[in-house]
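Reader: I have a structure open and want to go through a few spots in it. Can you take my questions as they come?

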Amino acid sequence: MAVGFVADAEGGGGGGRITAFVALSCVTAAMGGAIFGYDIGTAGGVSSMDPFLREFFPDVYRRMKGGGGGGGRRVSNYCKFDSQLLTLFTSSLYVSGLLTAVLLASWVTARHGRRPSMVLGGVAYLAGAAVSGGAVHVSMAILGRALLGVGLGFANQAVPLYLSEMAPARYRGAFSNGFQFSLCLGALLATVVNFGAEKITGGWGWRLSLGLAAVPAALLTVGAVFLPETPNSLVQQGKSRDVVRALLQKIRGADAVDEELDDIVAANAVAEQGGANGLQLILSRRRYRPQLAMAVLIPSLTQLTGINAIGFYAPVLLRTIGMGESAALLSAIAMVVVSSASTFISMFAVDRFGRRTLLLVGGVQMLVSEVLIGAIMAAKLGDEGGMSKAYAFVLLVLIGVYATGFGWSWGPLSWLVPSEIFPLEVRSAGQSVTVASGFVFTILVAQYFLAMLCLMKAWLFFFFAGWIAAMTAFVYLFLPETKGLPIEKIDKVWGAHWFWKRVVGVDEARACEKL
């Protein structure tokens, strides 16, 4: 039984070379990933800083220092950071991001273009950084996080689409993976800032960590003002063929762009004939069911790897096993470095080996390391006391192996695959489904991870390992290869797949034969 469909670009649009113009445009747009990564790194870092906990979460601070939760009761290692208020601080960003993506960002991106959404996202994130850095009460800190979420709702909607549409077909994987690479760089910046801010004696270092989120946000906002719109979006907005052709020639560095332009115009014609909005089309028509399944399952399963739990709470987790504050933050820096390096490698590997290969091999790597992490914690970390330095070091290595596997597989590809599989007429709506699905499961993981760590202890990591096994099997059975295909022709792969051709119907399966 064939479980995958490998397609290479044979003709079709999307050729051309990598021009300095398109490279600079995509690097600027990828700052949208940097603001997301900075937030992930900052949230966990400041949540482990004593001055921040003393000011906003005194109960957690007392438990961490051995004071118990009241009445002198001793608290398990696994439960010291279990606080719904603390997890609300983390997850409030994703609640507002979810609402923004579903209610507003998709419409703005489809109607007015990818670039205005990036500008709006940068402005909202700047406001969130200012409120967070100046917070004087826990409600103000949560409000700041919510504003950051609005910014991420716009940026995560627009940036992956922008990268996929601007990149030449044969390099689309590398360009789109740049979003995850910039996310890793943002997380690296955050962990380095956290490490330095923790050493500020005045106790205001956490303000610096939260406030410096304005730096990548300012780069995105200012840069987006000067970015060109994508050719696909210009066609959606009714711009003339000559205007779009001129932009395509500049982007591709070639004069022969009519075939790609024809693909874009044809896709837009389908959109105009459909009449209904993108979300209605996705939900009502059989031909979009494979893409809908991927848009919901890929980001959701990505969160169930446990990566954001480790990303949010890496310093907290490392303190759980007995590390000091500085050692935990320094170890978190090392993990982000190896994750960034693996994501950088994926930028070159994804268009050579394909999406499926990276997802399958990365899934196996994460599965093995997650099982070993759970086994060591179950055997060597009890409710009281710490872990020996030798086992703590082994645990750090395994977390690094896990982060590496994620960094060159599910991390970047959870953004790439959903952003490239939707036809133009439903692409913005499809991306909003992707972003919303990711935010929903990120909220669940962020809100309940610390409580689950307290309840399940080391078995939590076996829980995540089970999901990694399921998602790896899902990719093997149900995800077709899209390497090298022009973006406006990717929807034909579903009709050639052993399972999805039964879902999309006979007409789509026949259309695939022309691929």
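Reader: How many aromatic pairs does a search of the whole structure find?
Author: The search finds 19 aromatic pairs. Keep in mind that this is a predicted model.

Reader: Take F478 and F499. What is the angle between the planes?
Author: The planes of F478 and F499 are at 70° and the centres are 5.1 Å apart, an edge-to-face pair. The pair links distant parts of the chain, 21 residues apart. F478 is in helix α22 (residues 459-478), while F499 is in the loop between α22 and α23 (500-504).

Reader: Different topic. Where is the charged end of R145?
Author: It sits over the ring of F89, 5.2 Å from the ring centre.

Reader: Now A124. Which helix is it in?
Author: A124 is in helix α6, residues 114-133. A124 is buried, with a relative accessible area of 13%.

Reader: What is A124 in contact with, leaving aside neighbours within four places in sequence?
Author: A124 is in contact with L147, V150 and G151.

Reader: And how far is G144 from A124?
Author: Their C-alpha atoms are separated by 9.9 Å, and the two residues are 20 residues apart along the chain.

Terms used: Residues are numbered from 1 along each chain as its sequence is written. This is a predicted model: local features need pLDDT of at least 70, side-chain atom pairs count only at pLDDT 80 or more; totals for chains, interfaces and linings use all residues. Side-chain values use heavy atoms; hydrogens and water are left out. Helices (H or I, at least four residues) and strands (E, at least two) are DSSP runs, numbered from the N terminus. Buried means under 20% relative accessible area, exposed over 50%, partly exposed in between (1.4 Å probe, protein chains only). Contact means heavy atoms within 4.5 Å. Rings of Phe, Tyr and Trp (its six-membered ring) pair if their centres lie within 6.5 Å; planes under 30 degrees apart count as stacked, over 60 as edge-to-face and the rest as tilted. A charge sits over a ring if NZ of Lys or CZ of Arg is within 6 Å of the ring centre and within 35 degrees of the ring normal.
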